[in-house]
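Please look over the sequence and the structure below before reading on. The report after them is meant to be read with both in view.

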Amino acid sequence: MSFSPVYIQAYSCLSPAGFGIQTLMVSLMEGRTHLQSGLGSLPAELDRDLERLRTEKALKDQDRVALMGVLLARSLPRMDEDTGVIVGSSRGAAASIESFIAQHLAGQRLRPSTSPTTTASGISSAISRDLKLSGPSFFLSAACSTGLFAVIQGVASIRSSLAESFLVGGIEAANTPFTRDMMAATKVLSTSLQEYPCRPGASDREGMVLSEGAGLIHLSTKPSSLAIVGIGAATESSTLTGVSENGDALQKAIHKALRSAGLNPGAIDLIVGHGAGTVRGDESEMNAYTAIFSGKIPPLVFHKWCGGHMLGASAALSVMLASEHLKNSETPPHPYFEASHVMREKRRLGKNNLALITSMGFGGSACAVLVKNL
């Protein structure tokens, strides 16, 4: 089965590197990490930008996650009024929810805005209202696969004629006390004091580093130089966390993406992987690639060593980074690997037209998307 491409019109991101995909690309290509004290946070200038948004009457009560979405969406080229919005998050309005629950338990009276600002769909609707978009607007959550699932849902919605244009992606602002304690309880957080505390794919990896960020992508039927040409998703049923030894769900998602594009594994020129840096998760992911590509894995890129794990936002950034790597015909170094490792240095891409982007989420949500540089 093959389907008509859906085209990428524009994209941008917020990350610990700063505003825009190029700031993150520079850090990646220079081998610099932005993870400090076991956490990834937006730089101070972005914090100030977010606080300035609170001075606007329509945004004064919004959670940080919604403000991040509005700030980023405003930076993109103007979209048609009928554009839809599909954005998601793993934890949603985490800071507000935690604060309001504490107030409730303390017997304090809650503000009238408590409900609309903590309802998950309030994040997508805040963006639609701010940009004055009238197309379909909704929120989704698929843990760490959220950003990629939003891309898949955007493609499916365009092909279903819900609208010809969708703004999709993921936003995460969950560097909160409860989230950090909750993640620590799962024993997946890195406690490393090394220069690169998150080390995806390395034999000495210890775990992920929680981070925050946002990634938005404008998709439409209008032809451009980048296209989504294949999509796939599956769910792991074997474990609570969704991690099986051989990445069974990820394998299924990749096979579905290839089948939808009418391609075989040999057509892939680049993989931008999930690479959270966890011991079991990374092993499962690599076993899936080994099985899919019969041991001959194409050039592979991870990015969470640089900006951390932005949970529901990370996979949206992976799509942007894949697009940039294809356009530049180069992969970044992974400076935490041993000197002899193939991923240690930058690599030129021979062919540079097709990238596979993958994600794996708690609960077993696995996604795969194919991006072609036309």
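The paragraphs below describe strands, salt bridges and surface patches in turn.

The model described here is a predicted one. Strand 7, which covers residues 226-235, is mostly covered, since eight of its ten residues are buried. Strand 7 runs antiparallel to strand 1 (residues 6-15), to which two bridges join it, and in this pairing Tyr7 stands opposite Ala227 of strand 7. Strand 7 is also joined by nine bridges to strand 13 (residues 365-373), again in the antiparallel sense.

Strand 13 is largely enclosed by the rest of the structure, because eight of its nine residues are buried. Strand 13 pairs with strand 12 (residues 354-361) as well, and these two strands are antiparallel over eight bridges, with Ile357 standing opposite Val369 of strand 13. Strand 12 and strand 13 form a hairpin with three residues between them, and Gly363, which lies in the turn, has a positive phi of about 95 degrees. As background for reading such strands, side chains in a regular strand alternate between the two faces of the sheet.

## Salt bridges

Side chains of opposite charge can pair when their charged atoms come close. In this model the count comes to 13 salt bridges. One of them joins Arg32 to Glu30, with the closest N and O atoms 2.9 Å apart. Glu30 lies in helix 1, which covers residues 21-30, and Glu30 counts as exposed because its relative accessibility is 53%, whereas Arg32, at 35% relative accessibility, counts as partly exposed. The C-alpha atom of Glu30 is separated by 33 Å from that of Ile86, a residue 56 positions away along the chain.

Another salt bridge is formed by Lys60 and Asp61, whose closest N and O atoms are 3.3 Å apart. Lys60 is partly exposed at 45% relative accessibility, and Asp61 is partly exposed at 26%. Arg74 and Asp130 also meet through their side chains in a salt bridge, at 2.7 Å from N to O. Arg74 lies in helix 3 and Asp130 in helix 6 (residues 121-131), so this pair ties together parts that are 56 residues apart in sequence. Arg74 is partly exposed, with a relative accessible area of 36%, and Asp130 is partly exposed, with a relative accessible area of 23%.

## Surface patches

Which residues form the negative surface patch? The patch is formed by Asp80, Glu81, Asp82 and Glu164. Asp80 lies in the loop between helix 3 (64-74) and strand 3 (84-88), and because its relative accessibility is 58%, Asp80 counts as exposed.

A nonpolar surface patch of about 290 Å² is made by Ile97, Ile101 and Leu105. Ile97 lies in helix 4, which covers residues 94-105, and Ile97 is partly exposed, with a relative accessible area of 30%.

Terms used
Residues numbered from 1 in each chain as written. Predicted model: local features only at pLDDT ≥ 70, side-chain atom pairs only at ≥ 80, totals over all residues. Heavy atoms only, no water. Patch = residues over 30% accessible without salt bridge, like charges linked within 9 Å, V, L, I, M, F, W, Y side chains within 5 Å. Areas by Shrake-Rupley, 256 points an atom, 1.4 Å probe, with all protein chains shown as cover. Salt bridge = Lys/Arg side-chain N within 4 Å of Asp/Glu carboxyl O. Lys, Arg positive; Asp, Glu negative; His and termini not counted. Charge placed at Lys NZ, Arg CZ, Asp CG, Glu CD. Helix = DSSP H or I, 4+ residues; strand = E, 2+ residues; numbered from the N terminus. Buried < 20%, exposed > 50% of the residue type's maximum accessible area, 1.4 Å probe, protein only. Pairing = 2+ DSSP bridges.
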